[in-house]
Amino acid sequence: MKTIRDFDLKNKKVIIRVDFNVPIKDGKITDDNRIRESLETINYALDKGAKVILLSHLGRVKTEEDKIKNNLYPVSIRLSELINKEVKFINETRGKELEETINNLKTSEILLIQNTRYEDLDGKKESGNDPELGKYWASLGDIFINDAFGTSHRAHASNVGIASILPSGIGFLIEKELKMFNQVLENPKRPFTVILGGAKVADKIGVIENIAPLADYILIGGGMAYTFLKSQGINIGKSLLDEENLDFCKTMLEKYKDKIILPIDSVNSESIEGTGRTCFINEIKDNEMGLDIGYNTVKLFKTYLENSKTVIWNGPVGLFENPEFAKGTIGLCEILKEIDAVKIIGGGDTGSAIINLGFKDAMTHISTGGGASLELLEGKKLPGIEVIKDK
Ligand code: AMP
C-alpha cells in the first residue's frame with residue numbers, strides 16, 4: 001500500500017484527510033490529542049514543499065444549529081499554534097472562495113476547509129459518499145493522503161470518494177495504527193490476553209468471535225460481564241443485562257471455557273451516583289447493580305496479565321465516570337504499567353479513560369479510533385484503507 005513517502009509532494013496540492021473530531025466546549029478544545037496525532041503527516045508534507053489542504057469532519061451535522069456547534073474554526077487556531085505557522089481557514093466546503101484560495105496557495109502553505117459534514121445537511125452527501133461531492137473535492141488537489149484512522153471504517157466522500165479518483169496513499173498515523181493491530185492479530189507474542197469491558201455484549205460479539213480463537217485468555221469485566229454471569233445462573237440484581245445475547249454468552253463460555261475469565265467479585269450500588277458495596281459474585285442483591293469489578297477480580301486478572309506478552313484492551317471494566325467505580329479500571333492500568341508486553345488500547349472510552357487517569361505512557365499504543373479499532377479486532381476490512389490498497 002502506498003504511503004505519503006511514495007509521492008513527490010513538491011509544489012503539489014496535497015489533500016490530507018485528518019481526524020480533527022475533537023471535543024469542543026464553549027468554543028474551546030478540551031482535548032487536542034487528535035490534532036497532535038496528525039502533526040507528523042502535516043509537518044512532513046509542509047517540509048516537502050506541498051500545498052496542504054486539510055479536510056476533516058467534526059461531530060454530526062443534522063441541523064443549522066449543529067453547524068454553529070461543530071465549526072472547525074477553533075481547530076485551525078489550535079493547529080496554527082501547534083505548527084507555529086499560519087493556517088488559512090475557509091468557512092465553506094465548496095465554492096469560489098475555496099477554489100481561489102487553493103489556487104493561490106504557495107509552497108508549504110496550509111489551509112483547513114470547514115467541517116466536511118456541513119455537506120450532510122442537504123442529503124447526507126459526505127456520509128453517504130455522494131459521487132459528485134467526492135469528485136468535486138478530488139478536483140481541488142493532485143494527491144490524496146488519508147490519515148484519519150478514526151473514520152477509516154466508514155466510506156465517506158472525504159475518504160473513499162476522493163481516494164477513488166486521485167493518486168492516493170496513507171499518512172503516518174494510519175500506518176502506525178495498522179502496524180500495531182496487524183502485528184498483534186497476525187503474530188502475537190504469547191501469552192496473548194484480551195481485556196474486554198464496556199456496556200453492552202451486543203457491541204463486542206464480533207470481537208469475541210474473531211479474537212477468541214487467537215487469544216490465550218479473555219478477561220471480561222464492565223457491564224457486559226453481568227450477562228455472561230447471568231448465563232451461568234448467577235443473580236445479577238439490576239445490573240446491565242443484554243437479554244438477547246444470553247445464549248451467545250452461554251455458548252462462548254462452553255466453547256472457550258479455559259480462555260474466558262469472569263469476575264469473582266463485584267462492586268455494587270442501587271444507583272450510579274451512589275457508593276459501592278463489594279461482594280462475592282453470587283451475593284449481588286436484587287436491588288443492586290454491579291458497577292465495577294472488585295479487588296479479588298483485579299488480583300485474579302493479574303495472574304493472567306503478569307505473564308502476558310501481548311495485551312489488547314477494549315472497554316472500561318467499570319463505570320469509571322464515577323470515581324467510586326473506577327478502581328477496577330485503575331487497578332488494571334497499574335498492573336499493565338508494571339508488565340513488559342505489547343499493550344494496545346482500543347480507542348473511544350477506554351483510550352480517554354486511560355489518558356485521563358494518567359497512564360498514557362504505560363501503554364505501547366492508544367488507538368485514535370474507537371469504531372475503527374473495534375472493526376479491525378472483528379477482522380473486518382476498513383473501506384477508507386481498502387480503497388487505497390486496491391489502487
Ligand atoms: P463501551 O462504549 O461499550 O466501551 O462502554 C463504555 C461505557 O461502559 C462507559 O461509559 C462505562 O461507564 C460503561 N460501563 C462499564 N462498566 C459498567 C457497568 N458495570 N455498568 C454500567 N455501565 C458500565
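This is a predicted model: local features need pLDDT of at least 70, side-chain atom pairs count only at pLDDT 80 or more; totals for chains, interfaces and linings use all residues.
Let me begin with helix α5, residues 96–103, where the buried residues are L98, T101 and I102. Around the helix axis these residues cover an arc of only 100°, which means that they lie on the same side of α5. What, then, covers the buried residues of α5? The cover includes the strands β1 (13–17), β4 (51–55), β5 (88–90) and β6 (110–113), together with helix α6 (131–138).

Now let us turn to pairs of helices, starting with α2, residues 39–47, and α4, residues 73–83, which pack at an angle of about 70° with their axes 12 Å apart. Angles from 65 to 115 degrees count as roughly perpendicular, and therefore α2 and α4 are described as roughly perpendicular to each other. The crossing in which α2 passes α4 is right-handed. On the α2 side the contact is made by L39, I42, N43 and L46, and on the α4 side by L79, L82 and I83. Sorted by class, this contact of α2 with α4 has six nonpolar residues, one polar residue and no charged ones.

The other pair is α8, residues 172–186, and α15, residues 370–377, whose axes come within 10 Å and cross at roughly 25°. That angle makes α8 roughly parallel to α15, and the crossing of these helices is right-handed. Here L178, F181 and L185 of α8 meet S373, L376 and L377 of α15, and the residues of this contact divide into five nonpolar, one polar and no charged.

Definitions and conventions
Residues are numbered from 1 along each chain as its sequence is written. Side-chain values use heavy atoms; hydrogens and water are left out. Axes are lines fitted to C-alpha atoms, for helices over the stretch in contact, and angles run from 0 to 180 degrees between N-to-C directions. Helices (H or I, at least four residues) and strands (E, at least two) are DSSP runs, numbered from the N terminus. Angles under 35 degrees count as roughly parallel, over 145 as roughly antiparallel, 65 to 115 as roughly perpendicular and the rest as oblique. A crossing is left-handed if the near helix is turned anticlockwise from the far one by less than a right angle, and right-handed if clockwise. Contact means heavy atoms within 4.5 Å. Ala, Val, Leu, Ile, Met, Phe, Trp, Tyr, Cys and Pro count as nonpolar, Asp, Glu, Lys and Arg as charged, and the others, Gly among them, as polar. Buried means under 20% relative accessible area, exposed over 50%, partly exposed in between (1.4 Å probe, protein chains only). The arc is that of the directions from the helix axis to the C-beta atoms.
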